[in-house]
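Welcome, and please have your viewer ready for a short tour. We will go from one selection to the next and look at what is there.

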Amino acid sequence: MRANRWFTPWLLVLPALVWLLAFSLWPSINTVRLSFTNASPLGGVSQWVGVRNFQTLLADPQVWEALLNSVIYMAICLPLLTVLPLLIAVLVQQKLPGIAFFRTAYYTPVIASAVVVGLIWNWILDDRGVVNEIVKALGGVGIPFLTDRWLLLVSAISLTVWKGLGYYMIIFLAALGNVGKDLHEAAALDGAGAVRRFWSVTMPGVRGTMTLVGILVCVSALRVFSELYILTNGTGGPGGQDNSLVMLIQQYARGFTGNLGYASALSLLLFVVTLVPMLALARMNSKADK
């Protein structure tokens, strides 16, 4: 009896294939279907409403406000979480006494619970929090970190950057290990300083990784939820002005009376918005390689 059958490879990938179909492909297809209905969480008979959900979406000022917040979030996080982790990775790559401590310190926020970290930041930035109490003790006026629309957005972005630095630092550390030391030595012999070697040797060597990190940052920033949800206690800030698209999806879909159809339409909008920067960064990288 032959042990090597044509179906043997398929048997090996079958569990992963079933998982992919059941928990990834089918939910995606079902989301598209639901976006054209008025489905509710309790199920029952849902009616086909065509493009009504998308018409409502385009006329909803909350959606445009949430989209603006998400785009601003991405625009600020993208350069910060692409450049800062690279600079930190270059620094902690050096073989210095005690450098392992700094590597661990930078990575610790990554493994910390997002909920716990958010609660700590909430406690620090609250009107009666640590920062404001120090400011008031020094004779200053309290800063509305969590009650002003734009300060709240900046606070959430700061939390995202602080928590993500270590994660992207590890990615860049792996990429820097593939940049040949002989290139740095040759550049140094030609008289290039540290800054020049960084721009002419390090940056080109990790360009592909920077594109990957940029895509990850864009997707993560446009899908932000935990930071804004915890800092606003689930309210979306003053008047709901700091909602993100994901928070809007959650608000419309939750509860027994949620509107799954409209939430699915918002999900498709989020997919399209997320796809645009991903394709743009990938195209820029392909042009740079030519």
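Start by selecting Val63, Tyr73, Cys77 and Leu86: these have the most contacts inside the largest nonpolar core, which has 63 residues. Such a core is a set of buried Ala, Val, Leu, Ile, Met, Phe, Trp, Tyr and Cys residues joined through side-chain atoms within 4.5 Å, where buried means under 20% relative accessible area with a 1.4 Å probe, protein chains only. Among the elements giving two or more residues to this core are helix 3 (61-92), helix 9 (194-205) and helix 13 (260-289); helices here are DSSP runs of H or I, at least four residues, numbered from the N terminus. Helix 7 contributes the most, 14 residues.

This is a predicted model: local features need pLDDT of at least 70, side-chain atom pairs count only at pLDDT 80 or more, and totals for chains, interfaces and linings use all residues. Residues are numbered from 1 along each chain as its sequence is written, and side-chain values use heavy atoms, with hydrogens and water left out.

Next, pick Leu57 in helix 2 (residues 52-59). Leu57 counts as buried because its relative accessibility is 3%. Beyond its neighbours within four places in sequence, its contacts (heavy atoms within 4.5 Å) are Val63, Trp64, Tyr262, Ala265, Leu266 and Leu269.

Finally, show helix 3 with helix 9. Leu86, Leu87 and Val90 of helix 3 meet Phe198, Thr202 and Met203 of helix 9.

How values were computed:
Buried < 20%, exposed > 50% of the residue type's maximum accessible area, 1.4 Å probe, protein only.
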